[in-house]
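Keep the viewer open and follow along.

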Amino acid sequence: MTTGSFQTSDNLTIYTEQALPAGDPRAIILLVHGYGEHSGRYAHVIARLVDERYAVYTLDHRGHGKSEGLRAYCDSFDQFVEDLKIYFDGIKAANPNKKMIVFGHSMGALISLAFTLRYQDQIDALILSGVPVIPDANVSPLLVLVGKMLNRVAPKMKLLQTGETGILSSDAQVDVDWAKDPLTNKDPMRVRLGIEMNDTARRVREQLGNLHLPMLIMHGVDDKLVNPAGSQLAYERVSSLDKTLKRYAGMRHEILNEVHKEIVLTDIVDWLDTRI
């Protein structure tokens, strides 16, 4: 694994990692993490993909992990998308003849969808896990209204508590690891980010029919953090002729950190293997 960095358009330093297989990689996977976490939580996912001869590139979003920026905040959700584009362009330039797959989890899946809708012609496949296409389904209408009002006067205020014990995974160790990880965000979500996620999800829902690339969509049936109906909606609306929806009974939000995560990882590898 090799670490690196790049500069955003507003001069933040973004932390990156790349892991390459022995020999020529079969394809390039750009892994996009979720809200409040960081790329280091995907070491086991990256290891499995590299073992299968895929090259994996990942980053810590602005305000996350080892990257610069106010913790878990953005002025505009487009900043995440355009940061990803800067990184993507560098990866593609270094691997001009390789297929490019974008793989996003949770908020990272929403970033990946917004990114793909804008740059679909440069991407060969899309993998989504726990995508928050309808994030406000799990939030009371009153809180959404309060958030919109606060966004005008206190956008950086911490408002929405996003986690509770056991919400990420049925594996109790995941909560223990999250709590002791200095790079995870334990504070409530800031107002502006919550509003931006909702607005982006609405725009994405309206444009899903424009997507036509191969797509794998995955969701834990017991996910109480991000409504699984969003993944069903995405599957139904995209125009892709090659699309797969995987629903995992007994799994919660982080299917890649579940007790039986190897089932999910094998499904991902099998799906990739038939398309590369």
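Start with a pair of helices: the crossing of α2 and α3 is right-handed. Before going further, keep in mind that this is a predicted model. Two packed helices are described by the angle between their axes and the distance between the axes. Here, α2 covers residues 78–94 and α3 covers residues 107–119, and the two pack at an angle of about 70°, with axes 9 Å apart. Angles of 65 to 115 degrees count as roughly perpendicular, so α2 and α3 are roughly perpendicular to each other.

What do the two helices bring to this contact? From α2 come D78, F80, V81, E82, L84, K85 and F88, and on the α3 side they meet M107, I111, A114, F115, R118 and Y119. Sorted by class, that contact has 9 nonpolar and 4 charged residues, with no polar ones.

Now stay on α3 and look at its packing with another helix, α6, which spans residues 191–207. The axes of α3 and α6 come within 10 Å and cross at roughly 45°. That angle makes α3 and α6 oblique to each other, and their crossing is left-handed. On the α3 side you'll find M107, L110, L113, A114 and L117, which meet L193, M197, T200, A201, V204 and Q207 of α6. The class count for α3 with α6 is 9 nonpolar and 2 polar residues, with no charged ones.

T184 sits in the loop between α5 (172–180) and β8 (189–190). Is T184 buried or exposed? Buried means under 20% relative accessible area, and T184 has 7%, so it counts as buried. Leaving aside neighbours within four places in sequence, T184 is in contact with G36, H38, R41 and W178.

Another loop, between β10 (243–248) and α8 (261–273), holds L256. L256 is buried too, with a relative accessible area of 5%. Which residues does L256 touch? Not counting residues up to four places away in sequence, they are Y42, H44, V45, F103, K261, V264, L265 and I268. Take Y42 from that set: Y42 and L256 are 214 residues apart along the chain, yet their C-alpha atoms are separated by 8.2 Å.

Finally, have a look at the backbone torsions. Most residues other than glycine have a negative phi. N11 is not a glycine, but its phi is positive, at about 70°. N11 lies in the loop between β1 (2–7) and β2 (13–19), and at 61% relative accessibility it counts as exposed. R53, again not a glycine, has a positive phi of about 75°. You'll find R53 in the loop between α1 (43–51) and β4 (55–59), where its 42% relative accessibility makes it partly exposed.

Methods. Residues are numbered from 1 along each chain as its sequence is written. This is a predicted model: local features need pLDDT of at least 70, side-chain atom pairs count only at pLDDT 80 or more; totals for chains, interfaces and linings use all residues. Side-chain values use heavy atoms; hydrogens and water are left out. Axes are lines fitted to C-alpha atoms, for helices over the stretch in contact, and angles run from 0 to 180 degrees between N-to-C directions. Helices (H or I, at least four residues) and strands (E, at least two) are DSSP runs, numbered from the N terminus. Angles under 35 degrees count as roughly parallel, over 145 as roughly antiparallel, 65 to 115 as roughly perpendicular and the rest as oblique. A crossing is left-handed if the near helix is turned anticlockwise from the far one by less than a right angle, and right-handed if clockwise. Contact means heavy atoms within 4.5 Å. Ala, Val, Leu, Ile, Met, Phe, Trp, Tyr, Cys and Pro count as nonpolar, Asp, Glu, Lys and Arg as charged, and the others, Gly among them, as polar. Buried means under 20% relative accessible area, exposed over 50%, partly exposed in between (1.4 Å probe, protein chains only).
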